[in-house]
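Subject: Structure for you to look at

Hello,

Here is the structure I said I would pass on. My notes on it follow below.

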Amino acid sequence: MNLPMMSVRFHAPHLHMPHVGLPHVNRQEAGQAVDAAKSFLPPPERMVYYGGLGTLAVAGLIEWP
């Protein structure tokens, strides 16, 4: 876009993402990644509870603290 005293250019950023392919990941590394992810999540019963609270809050039936 050209304006009388100014010009503006928009460029898409160059993002380099490393290639992560399944053939390069062995079972032990995949198992370690799953164990690490599970360590951050609450037990399934609490996930259902939190999901229910979130649904009720989105529906407007309860106030979010």
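Is Tyr-50 buried, partly exposed or exposed? With a relative accessible area of 44%, Tyr-50 is partly exposed, since that value falls between the 20% and 50% cut-offs. Please keep in mind throughout that this is a predicted model.

Confidence comes next. The mean pLDDT of the protein chain is 78, and 71% of the residues score at least 70. Among the elements, helix H2 has the highest mean pLDDT, 89. The lowest belongs to strand E1, residues 2-3, with a mean of 56.

As for the overall layout, the protein chain has two helices and two strands. Their order along the sequence is β-β-α-α. Of its 65 residues, 2% count as buried.

H2 covers residues 44-59, which is 16 residues. After H2 comes Gly-60, which has a positive phi, near 85°.

Back to Tyr-50, which has a ring partner. A search of the whole structure finds one aromatic pair. It is made by Tyr-49 and Tyr-50, whose ring centres are 5.7 Å apart. Their planes meet at 55°, so the pair counts as tilted; edge-to-face would need an angle over 60 degrees. Tyr-49 counts as exposed because its relative accessibility is 52%, and the cut-off for exposed is over 50%.

There is also a nonpolar patch on the surface, formed by Leu-56, Leu-61 and Ile-62. Together these residues have about 260 Å² of accessible area. Leu-56 lies in helix H2. Its relative accessibility is 35%, so Leu-56 counts as partly exposed.

The last item is Glu-63, in the segment after H2. Glu-63 has a relative accessible area of 74% and is therefore exposed. How far apart are the C-alpha atoms of Glu-63 and Leu-53? They are separated by 9.8 Å, with the two residues 10 apart along the chain.

Regards

Methods:
Residues numbered from 1 in each chain as written. Predicted model: local features only at pLDDT ≥ 70, side-chain atom pairs only at ≥ 80, totals over all residues. Heavy atoms only, no water. Helix = DSSP H or I, 4+ residues; strand = E, 2+ residues; numbered from the N terminus. Buried < 20%, exposed > 50% of the residue type's maximum accessible area, 1.4 Å probe, protein only. Expected span 1.5 Å × (residues − 1). Patch = residues over 30% accessible without salt bridge, like charges linked within 9 Å, V, L, I, M, F, W, Y side chains within 5 Å. Areas by Shrake-Rupley, 256 points an atom, 1.4 Å probe, with all protein chains shown as cover. Salt bridge = Lys/Arg side-chain N within 4 Å of Asp/Glu carboxyl O. Phe/Tyr/Trp six-rings, centres within 6.5 Å; stacked < 30°, edge-to-face > 60°. pLDDT = per-residue confidence, 0-100.
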